[in-house]
Amino acid sequence: MEALNCIEPIDNAFLSFMVCRVRAMATLKKLIIAHKTITQKQKKQILDDLKESIRISPDNKNNYIYYAQALLELNELEEARKALEKVRELDSEEPEAYHWL
């Protein structure tokens, strides 16, 4: 009897962008919770990981939401605004975009 395969194979690009996004947000949250000063190297790594998730999946509004939230935490307000504008462009009814703007 043949086993049923109910799980679709995961696309490598999808897996890559999820890893980037999760790693970046986990690092950011850990540093914020610990009230540690974020070094320039850590800031660059966090933002690079999130930018990579956007590069891999540019039409995923959630990538821009996470990027904007990280930018807000890092006090990069103008870049955060641009990311949230992109969220509104992708989904004009997304409440997160309006909440953070």
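**Entry 1: the whole chain**

What share of the 101 residues in the chain do buried residues make up? I looked it up: 30%. I took buried to mean under 20% relative accessible area, exposed over 50%, and partly exposed in between, with a 1.4 Å probe and protein chains only.

I noted that this is a predicted model, where local features need pLDDT of at least 70 and side-chain atom pairs count only at pLDDT 80 or more, while totals for chains, interfaces and linings use all residues. Residues are numbered from 1 along each chain as its sequence is written, and side-chain values use heavy atoms, with hydrogens and water left out.

Next I checked the secondary structure. I found 5 helices and 0 strands. The order from the N terminus is α-α-α-α-α. Helices (H or I, at least four residues) and strands (E, at least two) are DSSP runs, numbered from the N terminus.

Then I turned to contacts, meaning heavy atoms within 4.5 Å. I took the contacts between residues at least 6 apart in sequence. Of these, 51% join residues at least 24 apart.

**Entry 2: helix α2**

Helix α2 covers residues 40-56, which is 17 residues. It should span 24 Å, and its end C-alpha atoms are 24 Å apart, so the two agree.

Which residues of α2 are buried? I listed Lys43, Ile46, Leu47, Asp49, Leu50, Ser53 and Ile54. They cover an arc of only 150 degrees around the axis, so they sit on the same side of α2. The arc is that of the directions from the helix axis to the C-beta atoms. On the other side of α2, I found Gln40, Lys41, Lys44 and Arg55 exposed. I wrote down the general rule: an α-helix has 3.6 residues a turn, so residues three or four places apart point the same way.

**Entry 3: Lys43**

I picked out Lys43, which lies in helix α2. Is Lys43 buried or exposed? Its relative accessible area is 17%, so Lys43 is buried. Leaving out residues up to four places away in sequence, Lys43 touches Ile38, Leu74 and Glu76. I also checked Lys43 against Leu71, 28 residues apart along the chain. Their C-alpha atoms are separated by 9.5 Å.

Two packed helices are described by the angle between their axes and the distance between the axes. Axes are lines fitted to C-alpha atoms, for helices over the stretch in contact, and angles run from 0 to 180 degrees between N-to-C directions.

I looked up α2 and helix α3 (residues 61-73). They pack at an angle of about 165 degrees, with their axes 9 Å apart. That makes α2 roughly antiparallel to α3. The cut-offs are under 35 degrees for roughly parallel, over 145 for roughly antiparallel, 65 to 115 for roughly perpendicular, and oblique for the rest.

The crossing of α2 and α3 is left-handed. A crossing is left-handed if the near helix is turned anticlockwise from the far one by less than a right angle, and right-handed if clockwise. From α2, Ile46, Leu47, Leu50, Lys51, Ser53 and Ile54 take part. They meet Asn63, Tyr64, Tyr66, Tyr67, Ala70 and Leu71 in α3.

**Entry 4: α4 and its neighbours**

Helix α4 has 14 residues. From its first C-alpha to its last it reaches 20 Å, close to the 20 Å expected. Its buried residues are Ala80, Ala83, Leu84 and Val87. They cover an arc of only 95 degrees around the axis, so they lie on the same side of α4. What covers them includes α3 and α5.

How do α3 and α4 cross? Their axes come within 8 Å and cross at roughly 160 degrees. α3 and α4 are therefore roughly antiparallel to each other. The crossing is left-handed. The contact includes Tyr64, Ala68 and Leu71 of α3 and Ala80, Leu84 and Val87 of α4.

Asn60 is in the loop between α2 and α3. At 18% relative accessibility, Asn60 counts as buried. I checked Asn60 against Val87: 27 residues apart in sequence, 8.7 Å apart in space, C-alpha to C-alpha.

Asp91 is in the loop between α4 (77-90) and α5 (95-100). With a relative accessible area of 24%, Asp91 is partly exposed.

Asn75 lies in the loop between α3 and α4. Its phi is positive, about 65 degrees, although Asn75 is not a glycine. Most residues other than glycine have a negative phi. Asn75 counts as exposed, at 57% relative accessibility.

Methods: Expected span 1.5 Å × (residues − 1).
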